[in-house]
Amino acid sequence: MSAVLLFASIKAVGLVVLTFWSHTQEKSALHLLSRRWDSLWYARVAEHGYGFTLTAPDGRELSSMAFFPLVPWLERAVSITGLTFGHAGLLISAMASVVAALGLFHLGRHVHSPQAGTLLVCLWASLPVSIVQSMAYSESLFVALAAWSLYFLMQDRWVAAAALACAAGLTRPVGVAIGIAMCTHALTRLRHSDNRACILASCALSLSGTAAYVLWVGSQLGTFLGYLDVQAAWGNGFDAGYSFARFLGEFISPSPILTAVLLLAIIALTVIPHVMMRLRGYPPGLIAYSAVVTAMAMGASGYFGSKPRLLIPAFPLLLLVAITLQRSAKPYLWIAPLVMTSALYGALWLNGSGPP
């Protein structure tokens, strides 16, 4: 319970700073949280369904099918209370963020200790772009589903883990990471288990959410991998970090050698933390989940300002930091400056031109 209270306090600080900053800019914090960027697309799908496209200035056709359906489904369900779709999204995100915090605490406690779990929650809540956790976005819902799915998986509660993984797969494309985590965990259990059929069925179910939506988009567009075409129109793809390295290199020099060095650095930053996890005895499934999420975020070729947001689900990386902080005499003293930095950055970011 203390972890959840700390989480709520950190979120409250961020919202107070955002409200004050937005007022000085003559903007509405509520509007910024519920009706900007992706939240508008989710609300549009909730109200009208799929099929909407927007022509970008460069001629690209941006389709609403880029957005997975669970958030719009929930927004439509909550809207029967009289809330607008955007405000319904805020309520969903707020509730999901608390569930996510509780799941992260239990996961950290299971892997290491209760204090590590509490510090994990605090670190996740005070990420630089953690204001997204309070927006009508899908990050909080996804992390809630992912954290609890992985927690159940670590306890070999296969059906519960698979059901949540399936739901996560209907929330964001990175939901496939939980399915891969389940398959990885299954490899360590199958040889000595008498319940192999349940384990294999759970692995299939865990991947079915993502697969079902991708196949549905393909059927609507008349091409098997039509979802990849939709993402390509949005400028999203996967090139193992090459575009990101080139983007960073252009700030210094467009040299191909520098691009290669930066690409190797990105790969190293993706690999080294997971080697550390392995050396410290983290569960293989948790390592697999983190590796896939991190690789998909760092290797994506889309809008580079979104990479910190794409790393929000990579919470096992923060567990490394939490365990390190736990060894200090006063670990929570390190959290306070992070909270204020996050609050100020979030207010500046959300009042800027974005998108996050």
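Axes here are lines fitted to C-alpha atoms, for helices over the stretch in contact, and angles run from 0 to 180 degrees between N-to-C directions. Helices are DSSP runs (H or I, at least four residues), numbered from the N terminus. What you have open is a predicted model, in which local features need pLDDT of at least 70 and side-chain atom pairs count only at pLDDT 80 or more, whereas totals for chains, interfaces and linings use all residues. Residues are numbered from 1 along each chain as its sequence is written, and side-chain values use heavy atoms, with hydrogens and water left out.

**First stop: two helices**

Select residues 2-24, which form helix 1, and then residues 114-125, which form helix 6; their axes come within 9 Å and cross at roughly 15 degrees. That makes helix 1 roughly parallel to helix 6, a term used for angles under 35 degrees. Now show the side chains of A3, L6, F7, I10 and K11 on helix 1 and of T118, V121, C122, W124 and A125 on helix 6, since these residues make the contact (heavy atoms within 4.5 Å). By class, this contact has eight nonpolar, one polar and one charged residues, where Ala, Val, Leu, Ile, Met, Phe, Trp, Tyr, Cys and Pro count as nonpolar, Asp, Glu, Lys and Arg as charged, and the others, Gly among them, as polar.

**Second stop: the cavity**

A cavity is a set of points, on a 1 Å grid over the protein atoms alone, where a 1.4 Å probe fits but cannot get out, while a pocket is an open set with protein on both sides within 12 Å along at least five of seven lines; lining residues have an atom within 4 Å of a point.

Next, select P173, Y227, Q231, N236 and L310, which lie nearest the centre of the largest pocket, among the 42 residues that line it. This pocket holds about 1,300 Å³ of space, and the largest share of its lining, five residues, comes from helix 3.

Finally, select T294, M298, L311, A314 and L317, nearest the centre of the second largest pocket, which is lined by 15 residues. Its volume is about 320 Å³, and its lining divides into 13 nonpolar, two polar and no charged residues.

Key. Angles under 35 degrees count as roughly parallel, over 145 as roughly antiparallel, 65 to 115 as roughly perpendicular and the rest as oblique. Grid points are joined across faces, edges and corners, and a volume is the space filled by probe spheres set on the points.
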